[in-house]
Amino acid sequence: MRLAQEISRTVPIQRINTLMAEVQAARKERDQLQNEVNRLQQELDAVTNQEGLKELKSELNSYRIEAGLVAVTGPGIEVTLNDSTLMPKPGQNPNLYVLHDEDILRVLNELKAAGAEVLAINGERLIATSEVRCAGPTILVNKTKRLAAPFVITAIGNPDTMINALNMRGGVVDTLQQFWGIQVSIKKLPEVTISAYKGSRRFEYAHPVKE
């Protein structure tokens with residue numbers, strides 16, 4: 001009996017130690033890859049700073065922004081979304097008055113359609129492979145970041161165009177507020193800064209097509 005209890009205590013501890021070792025190894029590998037990325041970026045900067053390569057450097061910077069490799073700044077807006085303060089009517093599903101991933105995605109899509117160039121949620125940079133999905137009472141972004149309401153979406157682009165798109169009659173903000181009482185506030189900002197993406201960039205299956 002005592003031996004069985006000892007085993008039951010020891011096995012979980014061994015499992016925890018194994019998982020901790022795996023996490024530490026993954027972090028070490030991530031840091032090594034980031035150092036390699038930084039080294040290669042420095043080499044590219046040195047090459048593209050040469051005379052006659054300004055056009056190549058400009059193109060390279062565009063790719064870096066699109067990939068989320070660098071922090072960016074520019075005019076934009078800040079959209080804050082929070083759950084409704086309305087009380088559900090008898091028989092109504094209270095989940096209708098709580099923000100879900102589909103609500104966040106609708107706002108993001110509207111901003112993209114209005115020309116948003118760079119987006120972030122609660123400071124987490126979104127890139128082409130970023131997902132937004134419900135995970136219990138939170139939403140999961142970039143596979144590992146759990147975010148809770150209020151959700152603050154930051155967008156760099158033409159502020160007036162993005163605000164007009166969001167406030168369109170019958171549009172996403174109108175629907176969220178009118179039907180469910182979702183709290184939405186939009187702030188125009190002369191300058192927005194969004195940090196670089198810090199997640200994994202490894203591609204296991206996708207490779208460039210050989211020309």
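The following legends describe views of a predicted model of a single chain.

**Figure 1. Secondary structure of the chain.** Five helices and eight strands make up the secondary structure of the predicted chain. Read from the N terminus, the order of the elements is α-α-β-α-β-β-β-β-β-β-α-α-β.

**Figure 2. Dimensions and contacts of the chain.** The C-alpha trace extends over about 70 × 65 × 35 Å along its principal axes. The radius of gyration of the chain is 23 Å, whereas a compact globule of 211 residues would have a value near 17 Å. Of the contacts with a separation of 6 or more, 71% join residues 24 or more positions apart.

Figure 3. Of the 211 residues in the chain, 30% are buried.

**Figure 4. Buried residues of helix 5.** Helix 5 comprises residues 172-180, and its buried residues are Val172, Val173, Thr175 and Leu176. These residues lie on the same side of helix 5 because they cover an arc of only 165° around the axis. Their cover includes helix 3 (101-113), helix 4 (159-166) and strand 8 (183-194).

**Figure 5. The residue that follows helix 5.** Gly181 comes after helix 5. The phi angle of Gly181 is positive, with a value near 70°.

Definitions and conventions: Residues are numbered from 1 along each chain as its sequence is written. This is a predicted model: local features need pLDDT of at least 70, side-chain atom pairs count only at pLDDT 80 or more; totals for chains, interfaces and linings use all residues. Side-chain values use heavy atoms; hydrogens and water are left out. Helices (H or I, at least four residues) and strands (E, at least two) are DSSP runs, numbered from the N terminus. The radius of gyration is taken over C-alpha atoms; the globule rule is 2.2 Å times the number of residues to the power 0.38. Buried means under 20% relative accessible area, exposed over 50%, partly exposed in between (1.4 Å probe, protein chains only). Contact means heavy atoms within 4.5 Å. The arc is that of the directions from the helix axis to the C-beta atoms.
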